[in-house]
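Hi everyone, thanks for coming. Let me walk you through a structure that may be new to you, one topic at a time.

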Amino acid sequence: MRIVMQPAGLARKVVNRHFQDTIVKPVMFDEHTDLLEPGVREELKRLFPDGAAPMWGVMPGKRNVNVAKIRKMQPGDWVFFTGEKKIYFGGTVALMWRNGELAKRLWKADDDGSTWEYMYALSGVRTFDIPMDEVRELLGWKPTRHVMGFIVLSDGESDTLQALLTLDPANAAITPLDPRTEQAAVDAFDGELERKAQRAARGEQAALKRRLLPGTTGECALCGRELPGTFLIAAHIKKRAMCTETEKRDLANIAMLACVFGCDALYEHGYVTVAPGGDIQTSPLAHEVPEVAAYIQGKLASRTVTWWNEDREPYYDWHRTHTFKAGLPT
C-alpha cells in the first residue's frame with residue numbers, strides 16, 4: 001500500500017465546491033451511465049452496492065507532469081487530502097480510470113481546457129486533523145517542505161504513515177497477479193526465508209501494567225467487564241509510537257486497560273473512540289463490518305468511560321483526530 005498526497009485546500013472556492021459536490025455528496029453512478037464505460041460502471045457497482053461513491057480526479061498537468069506519478073498509484077493505495085497546513089481527509093483508492101468527459105461534467109475545466117480526467121473513487125473515507133508539521137517530523141522532511149502538487153510517497157514513507165496512523169484498507173479493485181512475476185520475486189530473494197520474530201523491549205510496560213492492574217483482576221475501561229488480568233492489555237490511549245518521551249513516562253494517564261475480547265482491537269483500529277466527557281463514540285463505518293457493529297451494539301453502545309478525565313483528554317483527543325474512523329465530513 002502506497003500513500004498519495006492530494007493537495008486540495010478548501011479555502012479555495014473551486015476546490016471546496018468540487019469537494020462538496022463529489023466527496024461529501026457521493027456521485028450517483030446511474031446519473032452518468034451515458035459517460036461511464038460499461039466495465040467501469042459494473043466495477044463501481046460491485047465495489048459500491050449502494051450505487052454511489054466519493055470521487056476525485058487529477059489533471060495531467062503541464063507537459064503531462066502528473067502522468068508518471070499517477071501510474072505509480074493503484075487500487076488499494078491510500079490518499080490523504082491536504083490543505084490549510086493539515087491532513088483533513090483520506091480514504092482507499094477503490095478504482096481508477098480516465099474519463100475526460102465525465103470529469104468535465106462533474107468539475108468543468110480550467111481556463112486552458114484541462115480537466116481532472118484521471119479519476120478515482122474512494123472507499124473507507126474518513127476525516128483527520130493532522131498538522132503537516134507532524135507529518136514532516138514523522139517522515140524526516142525539512143520544515144520548509146510543502147505538498148505543492150500531487151505526489152506518491154516512497155514505500156518507506158508510506159509504511160511509516162500506515163503503521164503510525166493505523167490506515168486499514170477498504171474495498172478496492174483487485175489487480176490480477178502474474179504468477180511468473182511472483183515466482184521471479186521469490187527466486188531473486190536471497191535473504192532468510194524464515195527468521196525468529198523479535199519484539200522490541202518496552203521498559204515502561206511492566207510498570208504500566210502493574211499501575212493499571214494492581215490485583216489479579218481488573219476492569220476493561222471500554223466495556224466495563226471485570227476480567228482476569230490475563231485478558232487485559234495496558235493499551236496506550238495515544239499510539240505509543242507517536243508519544244514523546246515525556247508522554248511515555250506519564251504512566252498515570254497515557255494508558256487504559258482494554259480487553260482482548262474485542263475492545264482493544266476496536267479502539268486500536270478506530271471503530272470506537274472516547275468523546276470529551278467520556279462517552280463512547282462509534283464510527284459510522286462500523287456498520288460495514290456486521291461483526292464489529294454487533295459487538296459495539298452489545299457491549300459498548302451508550303457506555304461512558306469512567307477512566308476519562310481532564311488529564312487524559314489530550315491523549316483521547318489525539319486518538320479522535322488521528323485514528324478514529326470519523327467518516328465523511330458534513
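**A walk through the model**

Let's begin with helix 12, residues 313–322: 8 of its 10 residues are buried, so this helix is largely enclosed by the rest of the structure. Buried here means under 20% relative accessible area, exposed means over 50%, and partly exposed is in between, using a 1.4 Å probe and protein chains only. Helices (H or I, at least four residues) and strands (E, at least two) are DSSP runs, numbered from the N terminus. The buried residues of helix 12 are Glu313, Tyr315, Tyr316, Trp318, His319, Arg320, Thr321 and His322.

A quick word on the source: this is a predicted model, where local features need pLDDT of at least 70 and side-chain atom pairs count only at pLDDT 80 or more, while totals for chains, interfaces and linings use all residues. Residues are numbered from 1 along each chain as its sequence is written, and side-chain values use heavy atoms, with hydrogens and water left out.

Now to the aromatic rings. How many aromatic pairs does the structure hold? There are 13, where rings of Phe, Tyr and Trp (its six-membered ring) pair if their centres lie within 6.5 Å; planes under 30 degrees apart count as stacked, over 60 as edge-to-face and the rest as tilted. One of them is Trp56 with Phe81, edge-to-face, at 5.2 Å centre to centre and 65° between the planes. This pair links distant parts of the chain, with Trp56 in strand 4 (residues 55–58) and Phe81 in strand 5 (residues 78–83), 25 residues apart. Trp56 is buried at 7% relative accessible area, and Phe81 is buried at 0%. Both belong to one aromatic cluster, along with Phe19, Tyr88, Phe89 and Trp107.

Some rings have a charge over them, meaning NZ of Lys or CZ of Arg is within 6 Å of the ring centre and within 35 degrees of the ring normal. Arg145 lies over the face of Trp141, at 3.8 Å from the ring centre, and Arg312 lies over Trp307 at 3.6 Å.

Last, the cysteines. A disulfide is a pair of cysteine sulfur atoms within 2.5 Å, and the count comes to 0. Cys223 is buried, with 9% relative accessible area, and Cys243 counts as buried at 9%.
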